[in-house]
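Dear colleague,

Please find below the structure that I am handing over to you. I would be grateful if you kept it open while reading the notes that come after it.

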Amino acid sequence: MSEDPVIIASGLTKQYAEILAVDHINFKVKKGEIFGFLGPNGAGKTTTIRMLTGLTKPTSGTAKISGRDCVKENLKVKQKIGVVSETSNLYNELSAWDNLTFIGGLYCVDKSTRDKRVEQLLRAFQLYERRNDHLASYSKGMKRRVRIAAALIHAPEVLFLDEPTSGLDVQSSRIIRTLLRELNKEGMTIFLTTHYIDEADQLCGRIAIIRQGRMVVDGSPEQLKSSLQSERIVEVALSGSGSDFETFLKAEPTVKEVTRQGNKYHVHTLNANSVLRKIVEFATSAKLEIISMSTSQPSLEDVFVKYTGLDAVQLERMELLRAVKGGPQRG
Ligand SMILES: Nc1ncnc2c1ncn2[C@@H]1O[C@H](COP(=O)(O)OP(=O)(O)O)[C@@H](O)[C@H]1O
Ligand SMILES: [Mg+2]
């Protein structure tokens, strides 16, 4: 029984008027996994979580949690899951204690169990000392922790979090990641969305990359990285190079992929030596100057660029690169 997947999405699809927000997504999450849904803004992460948690109906396809259909058995599913959504469901003018007690009441947790659980959660989340202060006086990071605690009040089997560290400082994000790891060690299955590549790498046993409503790849962070491992990347900038150069690169049999970042080309190849020589030949015959040229190993950023097809300018605009470069630190 415990071998059965806890979450199953089959052909899950959501159409909003003209927008196909989620397009026939299939995946399974096993008990005890931390599964990350990684993708740029607008990829369909929130819509997917909303369908899995019964907040919105799929246009087609099904989602099941512990064998229960998320639409047909919505109430039973709600008892099994905790949800930390994009927006807060808490009251600023109430204390952490009262917020958690109130939400425990909504889930019909009886009073003595509720009091014990509220205390346990507030202690575990290092909020107990401040339990009687109004949330209005809490930092952003503390409020986020109260929201996670609130999602756990009815002891759910699966925890869903939509961008759990989005907008938080490094320290608060680190505390939350540590908390999630601890919950997972105790057996909690966790499904989270994030646009922080590094966060997904640190936290998740498995990652699905989603783009424009479609899952483009899934696997462990190691699998995703090693899928590019035998590749090298030649980074090159030529004076006045344009579409001719790109066409030339793409026609080379050893070149797997070419992406452009500003005036630099990133050439993915299994044979860096040959590509370097070809570039020199091209530059010489086209009378172009080589401004810079180097080779490197692929990074997680390259993995993301490869699978989403987005270039650096687009990623930067979507805050993805900033997330990689200045985002969460290891901890
Ligand atoms: N309620 C809605 N009505 C219409 N379009 C929506 C609605 N919610 C989301 N969308 C659209 O669906 C796409 C996916 O959105 P969303 O799931 O919020 O992405 P993400 O969470 O990955 O940023 C976007 O194009 C968004 O504009
Ligand atoms: Mg979202």
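Predicted model: local features only at pLDDT ≥ 70, side-chain atom pairs only at ≥ 80, totals over all residues.

The protein chain contains 13 helices and 14 strands. Of its 331 residues, 38% are buried. Among the contacts with a separation of 6 or more, 70% join residues 24 or more positions apart in the chain.

I begin with helix α4, which covers residues 111-124. This helix has 14 residues and reaches 20 Å from its first C-alpha to its last, close to the 20 Å expected at 1.5 Å a residue. Which residues of α4 are buried? They are Arg114, Val118, Leu121 and Leu122. Viewed down the axis of α4, these buried residues fall within an arc of 95°, so they line one face of the helix. The face turned away from that buried side carries Ser112, Lys116 and Arg123, which are exposed. The buried residues of α4 pack against α3 (96-106) and α5 (140-151). After α4 comes Gln126, with a positive phi near 55°.

The next point is how these helices are arranged. Two packed helices are described by the angle between their axes and by the distance between those axes. For α3 and α4, the angle is about 135° and the axes are 10 Å apart. On the α3 side, Ala96, Trp97, Leu100, Thr101 and Gly104 take part, and they meet Arg114, Arg117, Val118, Leu121 and Leu122 of α4.

For α3 and α5, the packing angle is about 25°, with the axes 9 Å apart. Angles under 35 degrees count as roughly parallel, and these two helices are therefore roughly parallel to each other. Helix α3 passes α5 in a right-handed crossing. The contact involves Ala96, Asn99, Leu100 and Ile103 from α3, together with Val146, Ala149 and Ala150 from α5.

The loop between β6 (81-84) and α3 holds Glu93.

Finally, I turn to helix α10, residues 272-285. Its 14 residues should span 20 Å at 1.5 Å a residue, and the end C-alpha atoms are 20 Å apart, which agrees. Val275, Lys278 and Ile279 are the buried residues of α10. These cover an arc of only 105° around the axis, which puts them on the same side of the helix. The face turned away from the buried side carries the exposed residues Asn273, Arg277, Glu281, Thr284 and Ser285. The packing partners of the buried residues of α10 are the strands β11 (232-238), β12 (255-261), β13 (264-269) and β14 (290-296). Just after α10, Lys287 takes a positive phi of about 55°.

Yours sincerely

Terms used:
Residues numbered from 1 in each chain as written. Chains lettered and ligands numbered in written order. Helix = DSSP H or I, 4+ residues; strand = E, 2+ residues; numbered from the N terminus. Expected span 1.5 Å × (residues − 1). Buried ≥ 20, exposed ≤ 12 C-beta atoms within 10 Å, placed from the backbone. Arc of directions from axis to C-beta. Contact = placed C-beta atoms within 7 Å. Axes fitted to C-alpha atoms, helices over the stretch in contact; angles between N-to-C directions. Parallel < 35°, antiparallel > 145°, perpendicular 65-115°, else oblique. Left-handed = near helix turned anticlockwise from the far one by under 90°.
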